[in-house]
Amino acid sequence: MSLLSGPFLGCWIAALLLTSVSCATSDPPRALPPDPRPAPTRATLQLGHKELTDGRFVGLAFSGGGSRAAVFGAAVMKELDRLGLLQQVDVLSAVSGGALPATAYALEGYRDFNFENGFVEQIGRDIQGAVAGPWYAAPHNLLRYAFRDTIPAEPVIRALDDQLFHGATFADLNPSRPILLLNATDAVTGDPLVIAEERFASLGIPLGPFSIARAVYMSAAYPGVLEPLTLTDGRTGTNGASADPVLAYDGGAADNLGIRTLIHVVEKTLSEQPMADRFPQGCLVISIDATSRPENEARTPLSAAAALLRGHRRNVLELAGIPAAQQDQAMFGTFRVGQNGSGGICRFWHVALRQLPDSDPLGEHVTHITTNLGLSVEDQAALIAAAARLVAKGREEMNATGGWAGLLENKPALFSHP
């Protein structure tokens with residue numbers, strides 16, 4: 001929220017109230033012009049005093065996967081909160097469906113956002129039904145969209161705003177909550193587009209008044225299904241004309257787990273000061289991974305997009321310290337950070353639906369929930385149960401493994417270097 005400063009009262013007010021006060025020898029105070037710069041938001045790549053004061057870094061990454069990712073992400077957050085870990089998170093990095101719980105948590109206190117009361121149920125609202133309803137209710141909409149290759153952006157943005165975000169902007173992010181970084185992709189260059197102060201400043205777009213619903217759409221606009229969102233570049237080109245607009249879509253095209261952005265934040269911070277000084281209590285990245293296990297009994301070729309998502313997931317998890325052969329079993333890894341990996345070691349906790357095997361009825365259920373923006377009550381209940389089981393399993397492994405023992409009972413030791 002922008003800060004508003006009240007006017008200073010001049011000495012002449014005092015003269016009206018206290019006739020014995022003389023102002024003859026004092027110059028009247030000058031009114032300062034308002035600061036033209038917008039107040040910074042909580043969407044930034046730069047860690048501040050709040051994030052650095054405890055001497056450790058904790059990042060929480062949310063994968064894509066529609067409402068499956070949204071509900072699973074919200075349910076894992078509740079489990080982490082019970083363990084006392086959620087309160088230590090410095091940065092939230094989210095992609096696509098995972099952007100819903102991350103953003104709702106970062107908006108705590110805005111309208112009806114309340115993490116302690118009905119949070120998971122709120123995230124589980126049927127966005128897809130809210131989008132489809134107006135289309136099918138009005139015949140002219142059927143004709144309007146019948147010949148389009150992709151679903152237009154504005155009806156989805158309106159549904160997100162009506163059902164969840166209620167006009168929130170980045171200026172409404174709660175300053176006591178973690179930094180929020182939503183991940184999209186530049187549809188023209190294929191480069192990651194992190195929705196942050198730094199990136200929007202380079203486009204000449206103030207982030208404070210930017211719609212949260214619009215940003216979440218940018219992160220979730222799956223190529224070929226939802227149309228890219230156009231960002232009008234606020235800069236002026238060399239000939240005086242406006243610069244070319246930026247087209248943005250789903251952040252999963254670059255990293256569907258949201259982990260690379262957290263690594264980038266750590267690397268950026270360590271470029272200014274070594275790990276031992278900046279994070280003497282260590283570094284932890286937690287990944288909430290709602291990647292499904294789709295059936296392909298007919299052994300039909302994967303689409304290029306599906307193959308790329310799988311490849312990116314494999315590469316990112318290897319970067320975080322989990323070999324490809326163990327990525328659906330192992331929950332923990334370590335990876336080096338800093339220039340050429342010389343800065344220090346980050347711990348990695350991978351909480352993934354695919355760690356529940358198909359031989360487990362719960363695993364068979366949750367890993368085959370299709371990707372959309374609306375889930376049945378049964379699907380939501382299964383995802384909540386999966387979150388509880390996986391976080392409990394992770395806690396057991398931490399307490400039984402060297403270097404993780406006493407993790408939850410002695411929080412400073414949790415982040416100490418191995």
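What follows is a friendly chat about a predicted model of a protein chain.

Student: Hi! How many helices and strands does the protein chain have?
Tutor: Hello! The protein chain has 17 helices and nine strands. Keep in mind that this is a predicted model.

Student: What is the average pLDDT, then?
Tutor: The average over the protein chain is 83. A score of at least 70 is reached by 78% of the residues.

Student: Where does the pLDDT stay under 50?
Tutor: One such stretch is residues 1-37, where the model has nine contacts beyond four places in sequence. Residues 142-147 also have a pLDDT below 50, and that stretch has five contacts beyond near neighbours in sequence. Where pLDDT is low, the predicted coordinates should not be read in detail.

Student: Good to know. What share of the protein chain is buried?
Tutor: Of the 418 residues, 50% are buried. As for contacts between residues at least 6 apart in sequence, 73% of them join residues at least 24 apart.

Student: Let's pick a helix. How many residues does α12 have?
Tutor: Helix α12 has 12 residues. Its first and last C-alpha atoms are 17 Å apart, close to the 16 Å expected at 1.5 Å a residue.

Student: And which residues of α12 are buried?
Tutor: They are I259, T261, L262, I263, V265, V266, T269 and L270.

Student: How does α12 cross α14?
Tutor: The axes of α12 (residues 259-270) and α14 (residues 304-319) come within 10 Å of each other and cross at roughly 35°. The crossing is left-handed.

Student: Which residues meet there?
Tutor: From α12 you have I259, R260 and I263, and from α14 there are N315, V316, L317 and L319. Sorted by class, that contact has five nonpolar residues, one polar and one charged. I259 and I263 also belong to the buried residues of α12.

Student: Is N256 buried or exposed?
Tutor: N256 counts as buried because its relative accessibility is 16%, and the cut-off for buried is under 20%.

Student: What does N256 touch?
Tutor: Leaving out residues up to four places away in sequence, N256 touches S63, G64, V95, D250, G251 and L309.

Student: New topic: which residues of α8 are buried?
Tutor: In α8 the buried ones are A153, P155, V156, I157, A159, L160, L164 and F165.

Student: Where is A132, and how accessible is it?
Tutor: A132 is in helix α6 (residues 127-137). A132 counts as partly exposed because its relative accessibility is 23%.

Student: Back to α8. What follows it?
Tutor: α8 is followed by H166, which lies in the loop between α8 (153-165) and β3 (179-186). H166 has a positive phi of about 50° although it is not a glycine.

Student: Why point that out?
Tutor: Most residues other than glycine have a negative phi.

Student: Where does R111 lie, and what is its phi?
Tutor: R111 lies in the loop between α4 (99-106) and α5 (119-123). The phi of R111 is positive, near 50°, and R111 is not a glycine either.

Student: Is R111 buried or exposed?
Tutor: R111 is exposed, because its relative accessible area is 58% and the cut-off for exposed is over 50%.

Conventions: Residues are numbered from 1 along each chain as its sequence is written. This is a predicted model: local features need pLDDT of at least 70, side-chain atom pairs count only at pLDDT 80 or more; totals for chains, interfaces and linings use all residues. Side-chain values use heavy atoms; hydrogens and water are left out. Axes are lines fitted to C-alpha atoms, for helices over the stretch in contact, and angles run from 0 to 180 degrees between N-to-C directions. Helices (H or I, at least four residues) and strands (E, at least two) are DSSP runs, numbered from the N terminus. A crossing is left-handed if the near helix is turned anticlockwise from the far one by less than a right angle, and right-handed if clockwise. Contact means heavy atoms within 4.5 Å. Ala, Val, Leu, Ile, Met, Phe, Trp, Tyr, Cys and Pro count as nonpolar, Asp, Glu, Lys and Arg as charged, and the others, Gly among them, as polar. The expected span of a helix is 1.5 Å times one less than its number of residues. Buried means under 20% relative accessible area, exposed over 50%, partly exposed in between (1.4 Å probe, protein chains only). pLDDT is the predictor's confidence in each residue, from 0 to 100.
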